[in-house]
Amino acid sequence: GLQIDLLLIGKALVHRLWIIMLAMLICGAGALVYARFFVTPLYSATAKMYVNNVSKDSMNGQFISSSELAAAQRLGDTYIEILKTPETLNRVIEEADASCSYSELLGMITTGAVNGTEVFFITVESPVPEDAERLANTIAEVLPDRIGDIVEGSSVKVVQGAILPTSPNSPSITKFVVTGAFLGLLICCL
């Protein structure tokens, strides 16, 4: 029955263990070589910005209410959409003296709220670490003025400027090697 079949399969795999290990080693090494020499490393630089929708007069030393916090988070989403417009990104390209198009820059940017707070991040990913830093910081400079042109009474401030990345964030060599080794195992077991 079923128990005997599993036992036979187990014995067959043990007898082929050296082939399986060799295949895992070869595929893992192949993935390492591919990741190291054929995948362009990408560097990320992140700037963080704070959205304030509460005037100092309206606070009067009081705590910020949850509705005001939710409104600030929605404003953050609005500001991110303003960031992604051709007008904003073309201004960033011009200010940074970058050699990319609007759509290329848009593809390099990741944005989002920081843990549900009034702070949002802007991450720029580039094969050149200096470009990633320069573009992220230029966005942080251009965006408040651009938002001010569109949204009356807005207040956006830079919480943290982007710093020069010293090591690539991708590709993950470990992920490539583990995936390659797993494929080697899978090929042998089929």
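Q: Is the crossing of H5 and H7 left-handed or right-handed?
A: In this predicted model, local features need pLDDT of at least 70, side-chain atom pairs count only at pLDDT 80 or more, and totals for chains, interfaces and linings use all residues. Residues are numbered from 1 along each chain as its sequence is written, and side-chain values use heavy atoms, without hydrogens and water. A crossing counts as left-handed if the near helix is turned anticlockwise from the far one by less than a right angle, and as right-handed if clockwise. By this criterion, the crossing of H5 and H7 is right-handed.

Q: How are H5 and H7 oriented to each other?
A: The axes (lines fitted to C-alpha atoms over the stretch in contact, with angles from 0 to 180 degrees between N-to-C directions) of H5, residues 86-96, and H7, residues 129-150, come within 9 Å and cross at roughly 135°. Angles under 35 degrees count as roughly parallel, over 145 as roughly antiparallel, 65 to 115 as roughly perpendicular and the rest as oblique. H5 and H7 are therefore oblique.

Q: Which residue in E4 is the bridge partner of Lys48?
A: E1 and E4 (residues 156-160) run antiparallel and are joined by four bridges; strands pair if DSSP finds at least two bridges between them. The partner of Lys48 in E4 is Gln160.

Terms used
Helices (H or I, at least four residues) and strands (E, at least two) are DSSP runs, numbered from the N terminus.
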